[in-house]
Amino acid sequence: MSQLTRRSLLASTAVALCIAPALVRAAIIRGGMPWTPGVADPPQQVRPGPWHYFTADEGATIEAMVDRLIPADADTPGGKDVGCAVYIDRQLAGPYGRRGGYYMAGPFKHGTKQQGVQSATTPAALYRKGLAALDAHCRKVFGGKRFVDLADADKDDLLAGIEHDKVKLEGADGHTFFEQLIKDTQQGFFADPIYGANKDMAAWRMIGFPGARYDYRDWVERHNEHFPLPPVSISQHPSWSQ
């Protein structure tokens, strides 16, 4: 794609975490503080296996898309091999996909960017509609071929057209779908491997990020120096020795 490069994708904003106030209030109403010292609620380790949300065809399409957004190079595997599609699938199958914790009763009006999400369409529904519309568009324009069957150059041109709103997908907001895909791919690429992507901590190794190490304060002010220890995942916490 002419306007989307690996560097621009990976250099843009990665993750913004928000906790719905309603969830915090619910924890307080049930009694006690939301956090208790010595008691943990760790995330569940994502295991390889069948798709949880995507159909087989949808999953194959997402794998092909994330591989064009983050193509493999000499230093890092591509989006498919590091697990970005698996990460997205598991997120859509859970609260993120149904927008759990958000007020979803309406009314819904188009607001400003600063007002956050103002849509009745959940991320899971956005993907389902977007993937169906993309498949229909490819079959119509490329002689019955699916997105996964296209040459890489055609995939890139099509994604660039959707990104810049030059290619319209019938029955779906292609531009919004593409923006959601970009954000989720970025999150998966840089997330802890426990969530299904960033396999072997490839993204962290690429940027020199130490991961979930308990303490690396001695290195915070040591700019432009290589951190000598390998990154650590949340899942490695019980065996920490440093």
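A residue counts as buried when its relative accessible area is under 20%, as exposed when it is over 50%, and as partly exposed in between, with a 1.4 Å probe and protein chains only. What you see above is a predicted model, in which local features need pLDDT of at least 70 and side-chain atom pairs count only at pLDDT 80 or more, while totals for chains, interfaces and linings use all residues. Residues are numbered from 1 along each chain as its sequence is written, and side-chain values use heavy atoms, with hydrogens and water left out.

Let me turn to the salt bridges, each being a side-chain nitrogen of Lys or Arg within 4 Å of a carboxyl oxygen of Asp or Glu. Under that rule the count is 11.

In one of them, aspartate 215 pairs with arginine 217, with the closest N and O atoms 2.6 Å apart; aspartate 215 is partly exposed at 38% relative accessibility, whereas arginine 217 is exposed at 64%. Elsewhere, salt bridges that share partners join Arg68, Asp152, Lys155 and Asp156 into one network.

Is lysine 155 buried or exposed? Lysine 155 is buried, because its relative accessible area is 9%, while aspartate 152, at 41%, is partly exposed.

Finally, the cysteines: how many disulfides does a search of the whole structure find? Taking a disulfide as a pair of cysteine sulfur atoms within 2.5 Å, the search finds zero. Cysteine 84 is buried at 0% relative accessibility, and cysteine 138 is likewise buried at 0%.
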